[in-house]
Amino acid sequence: MSSKDFISLKGIRGFGHHGVFPEETANGQEFIVDVEIHLELRKAGETDELDKTIDYGKVSLNVLKHIEGKPLKLIETLAQNIADEILTEEKVEKVIVTVHKPNAPVAVLFTDISVTVSRKQDD
């Protein structure tokens with residue numbers, strides 16, 4: 001069964017040391033993560049019980065742990081790692097993770113650079 005329900009967490013900010021260039025891993029920069037978690041929320045809405053949904057406070061802390069954790073070269077890997085951890089929760093059917101790197105070292109002016117991954121429980 002595929003649910004149309006989802007929980008959205010937008011703008012989780014943290015300071016990490018991810019990047020291909022040595023100055024990125026040495027100096028670090030801000031990363032912003034958005035997460036959309038698809039799961040059935042009918043029982044949570046009917047019962048008003050936390051165990052029928054997912055604890056988005058816990059999810060946000062885990063996202064921050066990944067942002068501030070072990071330096072990675074690619075934000076694609078950061079997004080994948082976050083998605084993988086969220087999918088360990090059986091209730092989650094699908095997760096969409098976007099990692100923004102607003103201060104990426106590129107030679108043109110830009111507003112935002114981001115990577116989005118979409119993963120399902122059966123991927």
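Me: How much of the chain is buried, and what makes a residue count as buried?
Reply: Buried residues make up 36% of the 123 residues in the chain. The label needs a relative accessible area under 20%. Keep in mind that this is a predicted model.

Me: What does the chain's secondary structure come to?
Reply: There are four helices and four strands. Along the sequence they follow the pattern β-α-β-α-α-α-β-β. The C-alpha atoms fill a box of roughly 50 × 25 × 20 Å along the principal axes.

Me: Among contacts between residues at least 6 apart in sequence, what share joins residues at least 24 apart?
Reply: The share is 62%.

Me: Why is Thr 53 called buried?
Reply: Its relative accessible area is 15%. The cut-off for buried is under 20%. Thr 53 therefore counts as buried.

Me: Where is Thr 53 found, and which residues is it in contact with?
Reply: Thr 53 is in the loop between helix 2 (42–47) and helix 3. Setting aside neighbours within four places in sequence, Thr 53 is in contact with Ile 7, Leu 39, Leu 41, Ala 44 and Lys 91.

Me: Why is Asp 48 called exposed?
Reply: Asp 48 has 70% relative accessibility. Exposed means over 50%. So Asp 48 counts as exposed. Asp 48 also lies in the loop between helix 2 and helix 3. Its phi is positive, about 60°, although Asp 48 is not a glycine.

Me: Why is Gln 80 called partly exposed?
Reply: Gln 80 has a relative accessible area of 23%. Buried requires under 20%, exposed requires over 50%, and partly exposed is in between. Gln 80 is therefore partly exposed.

Me: Where is Gln 80 found, and what is it in contact with?
Reply: Gln 80 is in helix 4. Beyond its neighbours within four places in sequence, Gln 80 is in contact with Val 117 and Arg 119. The C-alpha atoms of Gln 80 and Val 115 are separated by 10.0 Å, and these two residues are 35 apart along the chain.

Me: Why are helix 3 and helix 4 called roughly antiparallel?
Reply: The axes of helix 3 (residues 56–68) and helix 4 (residues 75–86) cross at roughly 150°. Angles over 145 degrees count as roughly antiparallel. The two helices are therefore roughly antiparallel to each other. Their axes come within 10 Å, and the crossing is right-handed.

Me: Which residues make the contact between helix 3 and helix 4?
Reply: Helix 3 brings Val 59, Asn 62, Val 63, Lys 65, His 66 and Ile 67. Helix 4 brings Leu 78, Asn 81, Ile 82, Glu 85 and Ile 86. The residues of this contact divide into six nonpolar, three polar and two charged.

Me: Which residues of the largest nonpolar core touch the most other members?
Reply: The core has 26 residues, and Ile 37, Val 95 and Val 97 touch the most other members. The elements giving two or more residues are strand 1 (6–16), strand 2 (29–38), helix 3, helix 4, strand 3 (94–100) and strand 4 (114–120). Helix 4 gives the most, with six residues.

Me: What is Val 97 in contact with?
Reply: Leaving out neighbours within four places in sequence, Val 97 is in contact with Val 33, Asp 34, Ala 79, Ile 82, Ala 83, Val 115, Thr 116 and Val 117.

Notes:
Residues are numbered from 1 along each chain as its sequence is written. This is a predicted model: local features need pLDDT of at least 70, side-chain atom pairs count only at pLDDT 80 or more; totals for chains, interfaces and linings use all residues. Side-chain values use heavy atoms; hydrogens and water are left out. Axes are lines fitted to C-alpha atoms, for helices over the stretch in contact, and angles run from 0 to 180 degrees between N-to-C directions. Angles under 35 degrees count as roughly parallel, over 145 as roughly antiparallel, 65 to 115 as roughly perpendicular and the rest as oblique. A crossing is left-handed if the near helix is turned anticlockwise from the far one by less than a right angle, and right-handed if clockwise. Contact means heavy atoms within 4.5 Å. Ala, Val, Leu, Ile, Met, Phe, Trp, Tyr, Cys and Pro count as nonpolar, Asp, Glu, Lys and Arg as charged, and the others, Gly among them, as polar. Buried means under 20% relative accessible area, exposed over 50%, partly exposed in between (1.4 Å probe, protein chains only). A nonpolar core is a set of buried Ala, Val, Leu, Ile, Met, Phe, Trp, Tyr and Cys residues joined through side-chain atoms within 4.5 Å.
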